[in-house]
Amino acid sequence: MINATTAQIAANEEPWLEITTSRNFCDWLARENISLAFSTYQAGKVFLLGRKQDGQIYIYERSLQRSMGLCSTDNGFWLSSQYQVWRFENALKLGEMHNEHDKLYIPRVGYTTGDLDVHDIVVEDSGRVVFVNTMYGCLATFSDQHSFTPLWKPSFLSKITPEDRCHLNGLALEDGHCKYVTVVSKTDVADGWRNRRDDGGCVLDVPSGETIVSGLSMPHSPRVYRGELYVHNSGTGYFGKVDREKGIFEPITFCPGYLRGMAFSGNYVIVGLSGPRKDRTFSGLQLDAELVKRDADAWCGLQVIELSSGNVIEWVRLNGMVTELYDVAILNDVIRPMLLGFKTTEIAQLVSMDMGESL
């Protein structure tokens with residue numbers, strides 16, 4: 001019985017990455033009328049995952065060093081890289097095609113921030129872009145003259161300094177404003193969070209600075225969806241939600257990998273999984289014991305979880321050079337997207353013109 005669809009990405013005619021999906025994954029994309037974007041800082045890639053006319057998966061990838069935070073917009077998305085943050089915009093009009101692609105994303109605006117270790121990115125209702133400046137332990141936005149403008153820091157940090165003290169990593173909007181962040185610990189010394197990986201993690205309320213829930217293990221990717229606050233308790237392998245009145249984390253689904261990245265479509269959430277890493281930061285966590293208990297191995301890819309049941313209904317597995325993912329984003333009303341990078345001449349040759357204004 002055929003129960004999976006497999007595609008290979010080749011370099012010099014040798015596959016460096018194999019992507020396998022559950023049998024009905026493409027049908028699920030079609031029903032939701034979406035494509036996906038996901039990032040990997042480990043391999044320095046951003047991937048677009050859609051579907052072909054024959055019902056098979058479609059994959060498009062481009063290289064950007066240390067690709068991490070993703071934030072979708074009405075006509076594109078934001079992406080953080082090693083020392084820049086890029087805004088990609090679709091250059092095609094409705095119904096227009098480019099080489100059989102219905103969306104063509106081009107890097108229109110880039111902000112050079114320096115190496116801030118930018119994690120999550122959001123766009124507030126006002127249009128202001130806010131990003132997690134993990135190196136400095138603060139929320140920040142762009143500056144015309146400087147690397148960044150700090151907006152907020154946790155009250156337990158004595159100063160804004162490039163020491164990654166608490167590993168501030170995740171940011172959630174609510175009602176169009178920055179509302180919640182995740183930190184791995186409340187430590188106020190350089191790189192101190194690494195000693196609090198097991199249970200030092202917290203979700204903080206941005207306006208008040210108060211702790212919403214504590215005792216988490218390396219939490220990531222807080223998101224508010226349909227009135228609920230969801231978060232990854234990454235060090236344990238559980239996707240779940242926070243009871244904000246009781247201040248407790250409620251696990252929903254165990255996933256066989258280190259969880260980062262979360263995006264919603266209808267009654268579903270798409271989460272990102274990373275495979276095992278042989279360093280102290282990611283080893284020795286409760287996740288390891290959970291995998292042993294379930295006789296399972298950690299793997300890299302995406303899982304689609306049904307929110308009403310907590311069941312994993314579809315999945316995407318990556319095998320090869322990509323072993324870690326950071327973020328995932330929904331591209332609504334997109335079938336087969338394409339992305340221009342900087343390593344070919346195509347970006348120089350493709351020119352479009354806006355006829356909307358005149359002198």
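The legends below describe close-up views of a predicted model.

**View 1. Helix α1 and the residue that follows it.**
Helix α1 covers residues 25–32, and F25, C26, W28 and L29 are buried in this helix. Seen down the axis of α1, these buried residues fall within an arc of 155°, so they line one face of the helix. After α1 comes N33, which has a positive phi, near 55°.

**View 2. The salt bridge between R165 and D188.**
Side chains of opposite charge can pair when their charged atoms come close. The whole structure holds 15 salt bridges. One of them joins R165 to D188, with 2.7 Å between the closest N and O atoms. R165 sits in the loop between β13 (149–152) and β14 (168–174), while D188 sits in the loop between β15 (177–183) and β16 (201–205). The two residues are 23 residues apart, and their pair links distant parts of the chain. D188 has a relative accessible area of 27% and is partly exposed.

**View 3. The salt bridge between D327 and R223.**
In this pair, the closest N and O atoms of D327 and R223 are 3.6 Å apart. D327 counts as buried, with 2% relative accessibility. R223 is buried as well, at a relative accessible area of 14%. A network of salt bridges links D120, R223 and D327.

**View 4. The salt bridge between E228 and K241.**
E228 and K241 form a salt bridge in which the closest N and O atoms are 3.7 Å apart. E228 is in strand β19 (residues 228–233) and K241 is in strand β20 (residues 238–243). The partners are 13 residues apart in the chain. E228 is partly exposed, with a relative accessible area of 29%. K241 is also partly exposed, with a value of 24%.

**View 5. The surroundings of S283.**
S283 lies in the loop between β23 (268–274) and α2 (286–293). At 29% relative accessibility, S283 counts as partly exposed. Which residues touch S283, leaving aside its neighbours within four places in sequence? The contacts are R197, R277 and D288. R197 is 86 residues from S283 in sequence, and the C-alpha atoms of the two residues are 10.0 Å apart in space.

**View 6. The open sheet β14-β15-β16-β17.**
Strands of a sheet pair through backbone hydrogen bonds, either parallel or antiparallel. This open sheet has four strands in the order β14-β15-β16-β17, and their pairing is antiparallel. Strands β14 and β17 (211–216) are the edge strands, each pairing on one side only. From one strand to the next, the twist averages 15°. Six bridges join β14 and β15 in the antiparallel sense. L168 has V183, in β15, as its bridge partner.

**View 7. The open sheet β10-β11-β12-β13.**
Four strands make up this open sheet, in the order β10-β11-β12-β13 and with antiparallel pairing. The edges are β10 (118–123) and β13, each of which pairs on one side only. The twist from one strand to the next averages 35°. How many bridges join strand β11 (residues 129–133) and strand β12 (residues 138–141)? These two strands pair in the antiparallel sense over three bridges. N133 has C138, in β12, as its bridge partner.

A disulfide is a covalent bond between the sulfur atoms of two cysteines. The count of disulfides in this model is zero. C71 is in no disulfide, and the nearest cysteine sulfur, that of C178, is 10 Å away. The cut-off for a disulfide is a pair of cysteine sulfur atoms within 2.5 Å. C71 is buried, with a relative accessible area of 12%. C255 is in no disulfide either; the nearest cysteine sulfur belongs to C300 and is 13 Å away. C255 counts as buried, at 0% relative accessibility.

Technical notes: Residues are numbered from 1 along each chain as its sequence is written. This is a predicted model: local features need pLDDT of at least 70, side-chain atom pairs count only at pLDDT 80 or more; totals for chains, interfaces and linings use all residues. Side-chain values use heavy atoms; hydrogens and water are left out. Buried means under 20% relative accessible area, exposed over 50%, partly exposed in between (1.4 Å probe, protein chains only). The arc is that of the directions from the helix axis to the C-beta atoms. A salt bridge is a side-chain nitrogen of Lys or Arg within 4 Å of a carboxyl oxygen of Asp or Glu. Contact means heavy atoms within 4.5 Å. Two strands pair if DSSP finds at least two bridges between them. Axes are lines fitted to C-alpha atoms, for helices over the stretch in contact, and angles run from 0 to 180 degrees between N-to-C directions.
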